Amino acid sequence: MEIVFDASTLILLAKIDLLRELTGGVKVIIPEKVKTECLSKTGIDAMLISILIRENKIEVKKVENSEAIKKIQRDFRIETGEAEAICLAKTLGCPLAVDDGPTIKASKVMGLRFTTAVHFLLNLVSQNRLELPIALAKLEKLSNYGRYSRAIIEDAMKRLRGGE
Amino acid sequence: MGVISLRLKERELKRLDELSKLERKDRSTTARELLEYGWEFLMVKHYKEGKLSLEGLAKKLDISISEAIDRLSELGIEAPIEFEDYLRGFKAF
C-alpha cells in the first residue's frame, strides 16, 4: 500500500520508534520539501528518516505543479510542505498520512483519504506485527508527542485491548 | 539591533521593573524576552485554534517541525484533530 506522508506524521512515528517497522508493510512516499523539513536539524528522528531514505524505504518524489501548490497554500492557509504532500497524494491517488489540523481540513475538502500516526500503531497491532505491551507503551509515548485528545487516546486504548 | 521608542502604560512599566528585578536583568533585556514569550504564546494560541499549521508554527518560531512537536508536547497543547477525523482515518486502510 502506498501512502504519502506529511512531516508531522513521519516525525511522530520516528519519535516513537515505529517508522522502521511501518516501512516493512507500507510504501512511504514524501515530497522533497517534507524531506528538507525533516532533515533540517540534527536529531534522532532526522537521523532515522535520513537512513530510511538512503535504504530506499522512504521514497522522495518531486512535486512539479507549483501553481497548484500555491493555490492550496492560499486556500487553506498551510505551508509548502503540507501543500506539496496534499498535491502528491492527489496526483498518486493514495491516502495522506497527516497529524496537522489545517492540513486534515484541506484533505477533507479536496476529497482525499487521510490517516494519522495513531492509526498506523493500531494497524500494526491488528496485523500482529506489534505485541500488545509494546503497543501500549508506544501509545503512551504517542499521546505525549501527538497530543491527541483524551477521547482519541481512550478509543485507541479500547481498540488495542479489545481488538476492535 | 534596532532601536525604537514606545509609550508604555504605568502598569506595564511597573511589570517590566518587577520582572527585571526578579530576573536581575536590565529593562531592555527583559522587554525583549517578554516580546519573545508573547510572540510564542500568540503563535501557539493560533496553532491551537487551527489558524496556523504545524509547519506554519515552526516557521513563525524559527524552529524545526520536530522541535515544534517537542515544544507543544512540553506545553501540553492538544493537537487540533477532531474525534470525527480520527474515526475517518480508519477508512484510509
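Let me start with A:Lys61 and A:Glu59, whose side chains meet in a salt bridge, N to O at 3.8 Å. A salt bridge here is a side-chain nitrogen of Lys or Arg within 4 Å of a carboxyl oxygen of Asp or Glu. A:Lys61 has a relative accessible area of 24%, so it is partly exposed. A:Glu59 is partly exposed as well, at 27%. On the terms: buried means under 20% relative accessible area, exposed means over 50%, and partly exposed is in between, with a 1.4 Å probe and protein chains only.

Before going on, two notes on the source. This is a predicted model, where local features need pLDDT of at least 70 and side-chain atom pairs count only at pLDDT 80 or more, while totals for chains, interfaces and linings use all residues. Residues are numbered from 1 along each chain as its sequence is written, chains are lettered from A and ligands numbered from 1 in the order in which they are written, and side-chain values use heavy atoms, with hydrogens and water left out.

Back to salt bridges. How many does the structure hold over all chains? The count is 19. One of them lies in chain B, between B:Lys25 and B:Glu33, with the closest N and O atoms 3.0 Å apart. B:Lys25 is partly exposed at 32%, and B:Glu33 is partly exposed at 27%. There is also a network: salt bridges that share partners join A:Glu2, A:Lys27, A:Glu59 and A:Lys61.

Now the pair A:Lys15 and B:Asp70. Their side chains form a salt bridge at 2.9 Å, N to O. A:Lys15 sits in helix 1 of chain A and B:Asp70 in helix 4 (residues 65–75) of chain B, so this pair joins two chains. Helices, as used here, are DSSP runs of H or I with at least four residues, strands are runs of E with at least two, and both are numbered from the N terminus. Is A:Lys15 buried or exposed? A:Lys15 counts as buried, because its relative accessibility is 13%. B:Asp70, at 25%, counts as partly exposed.

That takes us to the interface. Across the interface of chain A and chain B, the rule finds 4 salt bridges. A:Lys108 and B:Asp85 also meet in a salt bridge, N to O at 2.7 Å. Chain A puts 45 residues into the contact and chain B puts in 35, where contact means heavy atoms within 4.5 Å. The area buried between the two chains is about 3300 Å², and carbon and sulfur atoms give 58% of it. Buried area is the accessible area (1.4 Å probe) that two parts lose on being put together, summed over both. Which residues of chain A lose the most area to chain B? They are A:Glu79, A:His119 and A:Arg147, together 20% of what that side buries.

Next, helix packing. Helix 1 (residues 7–15) and helix 4 (residues 44–54) of chain A pack at about 105°, with their axes 9 Å apart. The axes are lines fitted to C-alpha atoms, for helices over the stretch in contact, and angles run from 0 to 180 degrees between N-to-C directions. These two helices of chain A, helix 1 and helix 4, are therefore roughly perpendicular. For the wording, under 35 degrees is roughly parallel, over 145 roughly antiparallel, 65 to 115 roughly perpendicular, and the rest oblique. On the helix 1 side, A:Leu10, A:Ile11, A:Ala14 and A:Lys15 meet A:Asp45, A:Leu48 and A:Ile49 of helix 4.

A second pair in chain A is helix 8 (residues 117–126) and helix 10 (residues 150–162), whose axes come within 10 Å and cross at roughly 10°. That makes helix 8 roughly parallel to helix 10. Here A:Val118, A:Leu122 and A:Val125 meet A:Ile152, A:Ala156, A:Arg159 and A:Leu160.

Last, the loops. Most residues other than glycine have a negative phi. A:Asn56 has a positive phi, near 60°, and lies in the loop between helix 4 and strand 3 (58–61) of chain A. A:Asn56 is exposed, at 68%. In chain B, B:Asp62 also has a positive phi near 60°, and B:Asp62 is exposed at 67%. Its loop runs between helix 3 (54–61) and helix 4 of chain B.

That is where I stop.
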